[in-house]
Amino acid sequence: MEETSQSFEDFGLIPVKTKLWIVMGINDMEGMIYAFCTTRQKAEKAVKLLEPEGLENMLTIKQAQFEINNVCLNGTNIEI
């Protein structure tokens with residue numbers, strides 16, 4: 001059976017412009033990324049799952065500066 005890949009456009013839908021929420025470390029864990037989430041609520045859930053694993057008070061949630069499926073080229077955001 002042939003595998004096909006379909007996109008939003010194949011169904012006449014326009015993808016929603018959104019930014020990712022990032023769960024990242026602070027203090028000694030600065031620079032570590034633990035989760036990429038589509039909503040703040042999911043990022044908060046990720047934090048709740050990670051904290052009991054030794055990361056209590058070591059995580060923060062930030063929203064990405066760029067939208068999904070965009071590239072910044074010479075200071076201009078271009079949808080790809």
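**Exercise 1. Determine how many salt bridges the structure holds, and where the partners lie.**

Solution. The structure holds 1 salt bridge, a term that requires a side-chain nitrogen of Lys or Arg within 4 Å of a carboxyl oxygen of Asp or Glu. This is a predicted model, in which local features need pLDDT of at least 70 and side-chain atom pairs count only at pLDDT 80 or more, whereas totals for chains, interfaces and linings use all residues. Residues are numbered from 1 along each chain as its sequence is written, and side-chain values use heavy atoms, with hydrogens and water left out.

Step 1: the partners are Glu 44 and Arg 40, whose closest N and O atoms are 3.2 Å apart. Step 2: both residues belong to helix H1 (residues 40–50), where they are 4 residues apart, about one turn of the helix; helices (H or I, at least four residues) and strands (E, at least two) are DSSP runs, numbered from the N terminus. An α-helix has 3.6 residues a turn, so residues three or four places apart point the same way. Step 3: Glu 44 counts as partly exposed because its relative accessibility is 36%, and Arg 40 does so at 35%, given that buried means under 20% relative accessible area, exposed over 50% and partly exposed in between (1.4 Å probe, protein chains only).

**Exercise 2. Identify the residues of the largest nonpolar core.**

Solution. Step 1: a nonpolar core is a set of buried Ala, Val, Leu, Ile, Met, Phe, Trp, Tyr and Cys residues joined through side-chain atoms within 4.5 Å. Step 2: the largest such core has 11 residues in all, namely Trp 21, Val 23, Ala 35, Cys 37, Ala 43, Ala 46, Val 47, Leu 50, Leu 55, Leu 59 and Ile 61. Two or more residues come from each of E1, E2, H1 and E3, and the largest share, 4 residues, comes from H1. Step 3: leaving aside residues up to four places away in sequence, Ile 61 touches Trp 21, Ile 22, Val 23, Arg 40, Ala 43, Glu 44 and Val 47, a list that includes both partners of the salt bridge.

**Exercise 3. Locate Asn 57 and Asn 69, and state the phi value of each.**

Solution. Step 1: Asn 57 is in the loop between H1 and E3, and its phi is near 60 degrees, a positive value in a residue other than glycine. With a relative accessible area of 60%, Asn 57 is exposed. Step 2: Asn 69, in the loop between E3 and E4, has a positive phi of about 65 degrees although it is not a glycine. With a relative accessible area of 47%, Asn 69 is partly exposed.

Notes
Contact = heavy atoms within 4.5 Å.
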